[in-house]
Amino acid sequence: MNKDKILITISGLDKVGIVAGISNTLAQLNVNIEDIKQTIMQDHFVMMMLCDMSSSNNSFKTIKEELIKSGEEIGMEVWVQRKEIFDKMHTI
């Protein structure tokens, strides 16, 4: 269901352990990664993830807070939003 899908964007200077750090947090929260795209532009790392939180016992708020905290620990900015909201924002 779309209400259980979230989009995560991670951005910051490239370094070792970014994907591992975020993926580990998602695994601890029992959130499944369904799609992942990443790129590096002049030492700047950008990653977008489509995830499914339907198996998690955590609220969207908790998942968002934990991911932001995980990002701060590795020096990255993290944005988390519900896919249904993202889709509505981008529908004309």
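Analyst: **Asn58 and its surroundings**

Leaving out residues up to four places away in sequence, Asn58 touches Leu29 and Ile63. The model is predicted. Asn58 sits in the loop between β3 (44–52) and α2 (60–73). Leu29 is 29 residues away along the chain, yet its C-alpha atom is separated from that of Asn58 by 6.9 Å. Is Asn58 buried, exposed or partly exposed? Its relative accessible area is 30%, so Asn58 counts as partly exposed, between the 20% and 50% cut-offs.

Next, Ile63. This residue is also in contact with Ile6.

Ile6 leads on to the core. The largest nonpolar core has 19 residues, and Ile6, Ile8 and Ile10 touch the most other members. At least two residues of this core come from each of β1 (5–13), α1 (18–28), β3, α2 and β4 (77–82). β3 gives the largest share, four residues.

α2 packs against α1 at an angle of about 155°, with the axes 10 Å apart. That angle is over 145 degrees, so the two helices are roughly antiparallel. Their crossing is right-handed. On the α1 side, Gly21, Ile22, Thr25 and Leu26 make the contact. On the α2 side, Glu66, Leu67, Ser70 and Gly71 do. By class, this contact holds three nonpolar, four polar and one charged residues.

Note on methods: Residues are numbered from 1 along each chain as its sequence is written. This is a predicted model: local features need pLDDT of at least 70, side-chain atom pairs count only at pLDDT 80 or more; totals for chains, interfaces and linings use all residues. Side-chain values use heavy atoms; hydrogens and water are left out. Buried means under 20% relative accessible area, exposed over 50%, partly exposed in between (1.4 Å probe, protein chains only). Contact means heavy atoms within 4.5 Å. A nonpolar core is a set of buried Ala, Val, Leu, Ile, Met, Phe, Trp, Tyr and Cys residues joined through side-chain atoms within 4.5 Å. Axes are lines fitted to C-alpha atoms, for helices over the stretch in contact, and angles run from 0 to 180 degrees between N-to-C directions. Angles under 35 degrees count as roughly parallel, over 145 as roughly antiparallel, 65 to 115 as roughly perpendicular and the rest as oblique. A crossing is left-handed if the near helix is turned anticlockwise from the far one by less than a right angle, and right-handed if clockwise. Ala, Val, Leu, Ile, Met, Phe, Trp, Tyr, Cys and Pro count as nonpolar, Asp, Glu, Lys and Arg as charged, and the others, Gly among them, as polar.
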